[in-house]
Amino acid sequence: MIEFEGVGHSYDGRTVLDGVNLRLAEQRVAFVGANGSGKSTLARMINGLVHPTRGRVLVDGVDPVRDGRTVRHRVGFIFTHPDSQIVMPTAGEDVAFSLRRQGLSKAERQRRAAEVLARHGLDGYADHPAHQLSGGQKQLLALCAMLVLDPDVLVCDEPTTLLDLRNKRHFAEVLRGLRQQVVLVTHDLDLLGDFDRVVVLDGGKVVADDEPAAAIRYYRELVR
Ligand SMILES: Nc1ncnc2c1ncn2[C@@H]1O[C@H](COP(=O)(O)OP(=O)(O)O)[C@@H](O)[C@H]1O
Ligand SMILES: [Mg+2]
């Protein structure tokens, strides 16, 4: 359960989020809205990358501001640009690196990394140079580096922006198969058909919160 209680945020005195109250228990939730509406700021609060300047956020009752470490174990975050998340030379090493603090042997880390890669579309890529993967494969790699830690929640901020149609579909399919709660920030409205809940932001406020068809209709009217 992700809770936003009276959450607001200002950057340099300029308010960009205001009075956000949400209790997100559904498995698949999306944030949509215009550029600058506050989606990334809100998403980043879930794992404490941004701290609210008003109100608070709770992830299963834990406040990311007070206990960022605990929350970051539960919440994986995928950024738009996967290059910024790749830290090791090969795909296998990159995923294994996520497990460095788990007290596992090197062989076990490698085994788990290879297993996660195989399960999410990168079978046989463990020894492949990470930076030479395609954009779509890098996005999957970033996903694998998070999933290997088996978080409860996965927050993805415009993860398909750089992908072609095929990779976009593949990534969406991978997301669909996850047991994790997924919070997806996106402009790809066609990914949202089977989501449980779509939250529309405008000017830092929640202006619609509904099942996908109704929320998307509201959003389309808003930008007309
Ligand atoms: N680090 C930052 N410093 C100052 N302003 C920021 C920063 N990050 C975002 N903003 C501003 O906050 C507003 C909301 O940004 P953001 O949450 O990134 O919106 P979205 O993801 O919906 O495009 C925008 O006006 C943006 O310019
Ligand atoms: Mg954004």
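Predicted model: local features only at pLDDT ≥ 70, side-chain atom pairs only at ≥ 80, totals over all residues.
Some conventions: local features need pLDDT of at least 70, side-chain atom pairs count only at pLDDT 80 or more, and totals for chains, interfaces and linings use all residues. Residues are numbered from 1 along each chain as its sequence is written, chains are lettered from A and ligands numbered from 1 in the order written, and side-chain values use heavy atoms, with hydrogens and water left out.

The ligand, then. The shell around ligand 1 (residues with a heavy atom within 4 Å) includes Tyr-11, Arg-14, Val-16 and Lys-39. By class, that shell has three nonpolar, six polar and two charged residues, with Gly counted as polar. Helix H1 (39–45) gives the most, three residues, and strand S2 (14–24) also supplies at least two; helices (H or I, at least four residues) and strands (E, at least two) are DSSP runs.

Now the polar atoms. A polar side-chain atom of Ser-40 is 2.8 Å from an oxygen atom of ligand 1, and a polar backbone atom of Ser-37 is 3.2 Å from an oxygen atom of the ligand. On Tyr-11, a side-chain N or O atom lies 3.5 Å from a ligand nitrogen.

On to H7, residues 212–223. From first C-alpha to last, H7 reaches 17 Å, close to the 16 Å expected at 1.5 Å a residue, taken over one less than its number of residues. Pro-212, Ala-214, Ala-215, Ile-216 and Tyr-219 of H7 are buried, meaning under 20% relative accessible area (1.4 Å probe, protein chains only). Strands S3 (28–33), S8 (197–202) and S9 (205–210) are among what covers them.

How values were computed
Polar contact = N/O pair within 3.5 Å; in protein donor to acceptor, adjacent residues only side chain to side chain. Buried < 20%, exposed > 50% of the residue type's maximum accessible area, 1.4 Å probe, protein only. Contact = heavy atoms within 4.5 Å.
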